[in-house]
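Here is a short tour of one chain. Keep the structure open while reading.

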Amino acid sequence: MIAEAGLAALWFAAMLAALQLALSLGAGGVEGRGLAAIRAVAIGQAVLTLAAFAALIALFVRSDMSVALVAENSHSEKPLLYRIAGAWGNHEGSMLLWVSVLALAGVAVALLERRLDARTLGATLGAQAALALGFFAFLLLASNPFARLDPAPLDGQGLNPLLQDPGLAFHPPTLYLGYVGLSVAFSLAVAALLSDEVGPALARAMRPWVLGAWIFLTLGITAGSYWAYYELGWGGWWFWDPVENASLMPWLAATALLHSVSVMANRGGLRAWTMMLALIAFSMSMVGTFLVRSGILTSVHAFAVDPQRGTFILALLALYVGGALALFAWRIGTVREGAPFDPVSREGALVANNLLLSVILGITFVGTLYPLAAEALTGDKLSVGPPYFNAAAGPIALILAALLLFAPQLRWRHDRRPLWPRLAPGALTAATALLATLLLAPQMALLPRLGLALGIGLVPASLLPLLSRSLRRTPLATFGMVIAHFGVAVALIGMASDSAFTEQKLVAARPGDTIEVGPWLVELRAIMPVAGPNWTALEADLRASRGGGVETLRPQSRSFTAPPTVTSESAIATLWNGQLYTVLGESAGDGRWQLRLWWKPFVTLIWLGGVLIALGGALALGGRAWLSRRRRLARAEADEAFA
Amino acid sequence: MRRAIFFVPLGLLLLFLGAVGWRLANPPDTRIVSHLVGRPLPVFMLPAALPGRDGVSARADGPRLVNFFASWCVPCIGEAPLLGRLKDEGVAIDGIAVRDRPEDIARFLARYGDPYRAIGADGDSRAQMLLGSSGVPETYVVDRRGIIRLHHVGPVEAADLTELRSALAAAR
């Protein structure tokens, strides 16, 4: 019954999406009337979609094996957390999560957006409903999560053990909030192009939505990177896998959009460019979804290899992105440009930021799809990996970091003051750091060396915008910017340090043996069997010592029964200055065991930086929301005083 | 000129749609051709998975199908009636139960039918690895001299029956 109720809720939600679209095509979009009705429909749609999602989770929790999706992806012996998270650890369930987030984003716009004129808001909600309708159709016609299985199997197949990790509970929902949250910027841009309202007011309305989605996207990518790092047991944190790139591309577009929308909101400039980025960012989310769902590129994430579903999403993508870009090409020529500015100004620096981010986006896009294009044109099979991406995107990212040394301190419009006093603190620190690496670590490769120097230079440079201000009167949004840029510095130092100073050992060791890695002496004390709720494992007892400090690590080689799979569970000791990363491999047969050991100095800074970047975004969002609320209250009071 | 630039994103989208549309129309060749086809079965000997039944070994034993299955495997349910049909046509099918328990196997066979002449228990997947199989279900056609003629990965579907039958006919 739960499955049928969930399916019915989905059908009704789809009908409400159709109604919402019809309402805004009629009175809502053209005249700006009927907004109250559209709002009510959007609320109903979100409630029904969330009810369907809750129904799916209930089926997974109850281990109802008569539902095909549960039987194929769950097992009654699985711990509760993974029974819940298993609901979105598969194609159909994650598409339902996608649609739920889309409905949530729609209802959030309907209820919270107060800055827009009624016509643009009506058109925005119409565009949002059109997006939802397509994805409802995909879910109901090609990916029904509630299909029954008759006869029901005795028990389920279980969830891929790599997914049986707390990471699954947080990474996909966070990432989807970001991916799908960008749909609001897309709908706003479509609505503004339709209603000819492309101006600073629209940018001010768009900014918090972009910021919110971008915060979640940043957190989702950071969490996914750390999950892959400890769960796969390969010791790396970014593999340039097509699906990683699929999440990086919307992030790059959203980061560029975040900066350009601020130019448009403050100075009225970059209108056409900002509208294009708003369309591109969510388009990249859809491209990402398509790449994951169609199985068109080989990847660790490509779990639904189904050309028919791929064709369906491709058709949706062609319709939405093609329609939006055609609208853009047709209407944007009439948009007035904003105030002019000098090359050396905050606008100029933000244009440079946008161009560089777009180049990195282009590099990632080309690298991800190049194997496909090459095979289509010449028939050659090839793959593009880290050597291309690092060599092509790395230098651009470093130029971007160098720009960050002084750009946030520039003034709007034109800046005639001498640059050097503002550039000096960061540049001198970076130069000193460069000199120090040349003396102390002459073997470093060029990219990590420059990355480390720039990262260290950015630590003081990112704080400089606060220097000439009274801290108590500085808006929260400025603190947010400073913290996010400080996070960039922290992450850059972590990345450079990890690629330059990591030490790795692969050995076959007997209990009693001691292995040296970096500053550590690691003793393999014993190998013993242990058991968990749905797995058994061999566990190594490692004692790592360095000077006075002693750490105990227990990496496991885990055997899951449903489905039968062996995974390696790495054990990681986190210290203030790095991580000791250990993996237990196979038995060599003669009483020796494969052990992989890494010493990774300051690697944690990568994810700490990611979290700081998101935190900066959250501060900016909170600060602006508080400010606009205060302004609104003040205005209301002023109105009352006059009345 | 200024207008033309605004069509660039649309053009890029069309290029993207062209490339991935081509791939959807021409899916990559992912068929797995086993290196064991044409070679004799690797030597293995499995005890009976159920009391009162025969075990399975690599000994040459007339033309037959060797089918890896498990009671915990959902696609195995799908292929069970098709294996039953082959059995009714007189095909000898030897089952190998992978990482399974006797009581679960008995329940599985009682529920979905029992097409097997003999059932071996491969408790640690060792026979499965020997035969280069990476999952369940997988099916091998073995000829009367014990040489592997066909390796079918994934569940047997109605469309696969012709290929299996002709391989079995050639195996006689």
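**Strands, then helices**

Strand β3 (residues 520–531) of chain A and strand β4 (residues 535–546) of chain A pair in the antiparallel sense over 10 bridges. Strands pair if DSSP finds at least two bridges between them. Strands are DSSP runs of E, at least two residues long, and helices are runs of H or I, at least four residues long, both numbered from the N terminus. The model is predicted: local features need pLDDT of at least 70, side-chain atom pairs count only at pLDDT 80 or more, and totals for chains, interfaces and linings use all residues. Residues are numbered from 1 along each chain as its sequence is written, while chains are lettered from A and ligands numbered from 1 in the order in which they are written.

β3(A) and β4(A) form a hairpin, with 3 residues between them. A:Ala531 stands opposite A:Thr536 in β4(A).

β3(A) also pairs with strand β2 (residues 514–517) of chain A, in the antiparallel sense over 4 bridges. A:Glu516 stands opposite A:Leu521 in β3(A).

Now the helices. Helix α8 (residues 200–231) of chain A packs with helix α9 (residues 242–267) of chain A at an angle of about 150 degrees, their axes 9 Å apart. Axes are lines fitted to C-alpha atoms over the stretch in contact, and angles run from 0 to 180 degrees between N-to-C directions. α8(A) is therefore roughly antiparallel to α9(A) (angles over 145 degrees count as such).

How values were computed:
Parallel < 35°, antiparallel > 145°, perpendicular 65-115°, else oblique.
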